[in-house]
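Let's take a look at this one together.

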Amino acid sequence: MKNSFPVLILAIFIGLSGAQTVTIQEAREDLNGDGIPDHLGEILTIEGTATCEGTLFSETGLSFYVQDETAGINVYAYDSASPGPILAGERWRITGEIKQYNGLVEISPASPSDFTYLDFPGVPDPLQLGLNQGVTEGVEGLLLALGNSAQGQWVTVANSPESAGGGYNFTVWNGQTAVAVRVNSTTGISVSGISAGTRLFMKGIGGQYDSEPPYDSGYQLLPRYQSDLQVYQPSISDGFHLTVLTGNPFAPVLGETVNLEYGGPSDMSFSVTVFDRAGKDVAHLAESRPAGDVVQWDGTDDSGEFLSMGPYLVLLEGVDSEGKRYTTTETVVVAAPLN
Ligand SMILES: [Ca+2]
Ligand SMILES: [Ca+2]
């Protein structure tokens with residue numbers, strides 16, 4: 001008898017809302033690991049902040065993303081269920097059926113009354129992916145940053161964007177990990193400035209498009225706005241120089257890199273080479289390249305193996321149009337993790 005009061009209260013709450021309120025992580029739950037949310041077909045209620053406008057990823061109806069402290073999820077609904085405009089940064093309580101579409105977990109409201117505006121906390125900071133990290137199930141639905149402008153760590157476009165089904169697809173390299181990027185035409189993003197070799201600092205939502213069980217591939221980054229594709233063009237001075245910009249010493253096993261800038265007269269061609277203490281050339285960061293650039297070294301040799309701790313000598317070599325050779329060096333240190 002003494003437990004009946006809380007049970008009654010719980011029953012009233014569930015009765016009023018019509019569905020149980022859960023965290024987004026709980027709504028997405030896949031304890032048996034089959035790539036299908038365990039609550040498929042259930043009506044649940046979540047509370048989350050929109051990371052884009054309600055209609056950004058859909059020509060008709062709603063397709064957008066919300067996230068809370070635990071996870072993110074796609075919200076998908078017909079026009080008839082729309083409560084009106086939904087803006088990035090707004091927090092909503094949303095009731096809907098848990099679905100999955102080509103591996104993407106969705107919550108699908110059936111009517112405008114399934115939406116309740118809560119408040120305006122603003123768009124949350126993107127989750128920063130580290131060097132060599134890709135989009136995975138654990139970050140599906142979350143706003144992500146790929147490439148880190150504060151650390152001068154960019155991603156490199158692998159191929160020119162290809163037109164496909166109402167948008168464009170291309171791939172970027174985050175260190176040694178390939179990440180698929182899907183630019184939906186409804187975003188209005190132009191990809192005309194993107195081609196193989198373009199360096200980017202990116203933001204976007206973690207998405208998935210995988211038509212076959214077990215729905216464990218096909219992860220994509222979904223940029224929302226033109227500003228989510230920030231092209232990195234370092235400005236390089238003309239004097240012959242090699243400068244350590246960031247990351248010295250650095251711990252490669254933690255995904256850290258050292259960034260070095262080099263430059264010199266426009267008639268020069270440049271090579272940047274890393275030597276170990278024995279004087280062996282272990283990594284070639286640039287070879288016979290024009291003008292100046294920024295190079296990133298991840299502490300691996302030319303075959304991608306991590307090198308041992310200790311100091312390394314970075315040699316910049318410039319050869320001018322008359323064949324005259326200039327050199328300068330910097331010492332960088334490969335360190336162990338702090339703990
Ligand atoms: Ca499951
Ligand atoms: Ca998924």
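## Strand 19 and its partners

Seven bridges link strand 19 to strand 22 (residues 310-319), and the two run antiparallel. Within this pairing, Phe 270 sits opposite Gly 318 of strand 22. Strands here are DSSP runs of E, at least two residues long, numbered from the N terminus, and two of them pair if DSSP finds at least two bridges between them.

Strand 19 also runs antiparallel to strand 20 (residues 281-290), joined by six bridges. Phe 275 has Asp 281 of strand 20 as its bridge partner. The hairpin of strand 19 and strand 20 has five residues between the strands, and Gly 279 there takes a positive phi near 85°.

So how enclosed is strand 19 (residues 269-275)? Five of its seven residues are buried, so strand 19 is largely enclosed by the rest of the structure. (Buried means under 20% relative accessible area, exposed over 50%, partly exposed in between, using a 1.4 Å probe and protein chains only.)

Glu 140 is buried, at 2% relative accessible area, while Glu 137 counts as partly exposed at 30%.

## About the model

This is a predicted model: local features need pLDDT of at least 70, side-chain atom pairs count only at pLDDT 80 or more, and totals for chains, interfaces and linings use all residues. Residues are numbered from 1 along each chain as its sequence is written, chains are lettered from A and ligands numbered from 1 in the order in which they are written, and side-chain values use heavy atoms, leaving out hydrogens and water.

How values were computed: Helix = DSSP H or I, 4+ residues; strand = E, 2+ residues; numbered from the N terminus.
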